[in-house]
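User: I would like to learn how to read aromatic ring pairs and related features in a model. Please take them one at a time.

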Amino acid sequence: MDPSLDTWDFSSPLISLWINRFYIYLGFAFGISLWICFQIVIRKQLFIFKGKNSKDKSVPKATRDLMTNGYISLQKKDILVSGVKIFYGSQTGTAKGFAASLAEAVTSLGLPVAVINLQEYDPDDHLVEEVTSKNVCAFVVATYTDGRPTESAEWFCKWLEEASSDFRFGKTYLKGMRYAVFGLGNSAYANHFNKVGKNVDKWLWMLGAHRVMARGEGDCDVVKSKHGSIEADFRVWKTKFISRLQALRKGERKPCGGNCKKGQCESSAEEEPFESTSEEESGTEDHQNLNSVVDVEDLGKIMNCVKKEKREKEHQEEKSILVRNAVKGEASERRAMITPALREALTKQGYQLIGSHSGVKLCRWTKSMLRGRGGCYKHTFYGIESHRCMETTPSLACANKCVFCWRHHTNPVGTEWRWKMDQPEMILKEAIENHQSMIKQFKGVPGVREDRFEEGMMVKHCALSLVGEPIMYPEINRFLKLLHECKISSFLVTNAQFPVEIRNLKPVTQLYVSVDASTKDSLKKIDRPLFKDFWQRFLNSLKALAAKQQRTVYRLTLVKAWNVDELQAYAELVSLGNPDFIEVKGVTYCGESSASSLTMANVPWHEEVVHFVRELVALIPNYEIACEHEHSNCLLIAHTRFKIDGEWWTWIDYNRFQELVQEYEDSGGLTNFSAKDYVAKTPLWALFGASERGFDPKDTRYQRKNKSKDISGC
């Protein structure tokens, strides 16, 4: 065999492969590359497919809400405006018409709307509901005479004003409520133009409510009206309101002026921005620019965002817990009732303040009797020695804000005792010392009788009627016991809002209940009680009074044009409490005050009080007019059981009372006594119809110079 042939047969293919090895390598590399690319594509497709199917399981709920079909979308928002409530206070019907017009415009947006007369609305019960209702509240209110609200809006405005300055409500009471105000007024009255609208706007804001747009002001003066008439002023405001309402439904944070980008107005608008929730804000800020396809890197960012939101939420919860604990801690440490500002105000009024919640003040009748110029009506009716009477209270707080309050509401208010409490021994000791200190100032004063000055230094009577609600004091029974141990008689006045305390009260010389009105509506209007169930408390207090065995009194204060026309209702209340006596007194005008709308026109003449009493007595059996104190504009109606053998016995035997109450204490309350056990005969000069008209002839009636009418105690 040829060697060359063998070489050719076996070696030439190898040589050929060797020669062309570069192309072989290239082809092999190309194939591997294709295979790698194919695997990458397949795996990526599988990843996307699995991501779609397992998205709900692998991504937290907060992120799932943001992912739809592989894209990031804004979180779905809840309904931002659930409806509109339109409140109106109208006198002539204009505000009512505007409210109806606004309701039609709101209805056209497809939103629920309610039109509410403020006269029929109880803010104490329902206004706080708007915090979470997602409603927008519109107030259309008119300003009436002298800058006052209309009659229909008067109670609402009073409540709102008092709540805005009452620490019990605070600056966040209405936080979350959204509102807008349109006021109706006349710029001809420059000092009061749209005062009610401005005040309602201010008071709502002070309570934490959120103003969604600038206040509108309609002007009845066509010359000065911005748009030619009050109707045109309202139409312009209504258009803005509807536009703002539409923006709120879309979740816009502030009204846009049009000269901005993406609806985010940067101009300084008067309206406050809508406060979205923290979740909505964070969701919008963090995700509003994420609109690309989701991949691994995007998921990482989303997870970081979710973790950040979770940390912030936990941080907020921790802060809330700390705040709640702090509030509880503050509540556990009771505060003093008399704040520095209150102390300053009451001191200016002549109070001698005791401890943290009590006070004493010298009555003008004490000064009068020291000079021999006559005593108060209690001297005429019950034989009290006015110059030996200490007027005090162990509680400056009250549960009412009566329109005729002679302290102009400088005292605190409350429905329960929540302040620091001083001991009754300290209160009585300092009350007597302060009273004696004020009496000492009259030593050597011209006209002061020496014998009465000496007597005045020895307190014999205590009128617990200075201010506030003495029965609120938790240790009132101990305080009364201390008074009686010191041989001091007790005259306790309550405003008929604490029936349980009245039932639990130990014997007092004379227990009063103020009956300022005879119907629920008039009582609410006059006393302005803090309790929601004030009427039931009032009735229960009268029933509790009927169960008392010692002397009981109804005190009626007549306010002309307020409570003098309800005779039959008064008669029914008398039968409920069956008091021993009924004092009927004309209201005393205490000067102009922002806390009350009373004027001298509300003060009845003495003849009008006499006429009222005569008509009342005709409706209540077993009662007659017993005494009169003309210079206090006051009369006494007494039950006929105190008319013995044709003679009135309305005076009190104070020594006998002290003996009886001592027996009661010694027996542990087993030996009780009644009102008739310590009566004394009423002198003729004190009786109704006597020529003295209730003035003690032992004293000299004082007549002010250049005045034709007699007065006393001035």
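User: How many aromatic pairs does the structure hold?

Analyst: A pair of aromatic rings is described by the distance of the centres and the angle of the planes. Rings of Phe, Tyr and Trp (its six-membered ring) pair if their centres lie within 6.5 Å; planes under 30 degrees apart count as stacked, over 60 as edge-to-face and the rest as tilted. The structure holds 26 such pairs. In one of them, the ring centres of Phe491 and Tyr654 are 6.5 Å apart and the planes stand at 50°, so the pair is tilted. Phe491 belongs to strand β13 (residues 489–494) and Tyr654 to helix α22 (residues 654–666), so the pair ties together parts 163 residues apart in sequence. Helices (H or I, at least four residues) and strands (E, at least two) are DSSP runs, numbered from the N terminus.

User: What is the source of these values?

Analyst: This is a predicted model, where local features need pLDDT of at least 70, side-chain atom pairs count only at pLDDT 80 or more, and totals for chains, interfaces and linings use all residues. Residues are numbered from 1 along each chain as its sequence is written, and side-chain values use heavy atoms, with hydrogens and water left out.

User: Are Phe491 and Tyr654 buried or exposed?

Analyst: Buried means under 20% relative accessible area, exposed over 50%, partly exposed in between (1.4 Å probe, protein chains only). Both Phe491 and Tyr654 are buried. Ile32, at 35% relative accessibility, counts as partly exposed.

User: Which residues do ring pairs link into a cluster?

Analyst: The cluster consists of Phe98, Phe182, Phe234, Trp237 and Phe241.
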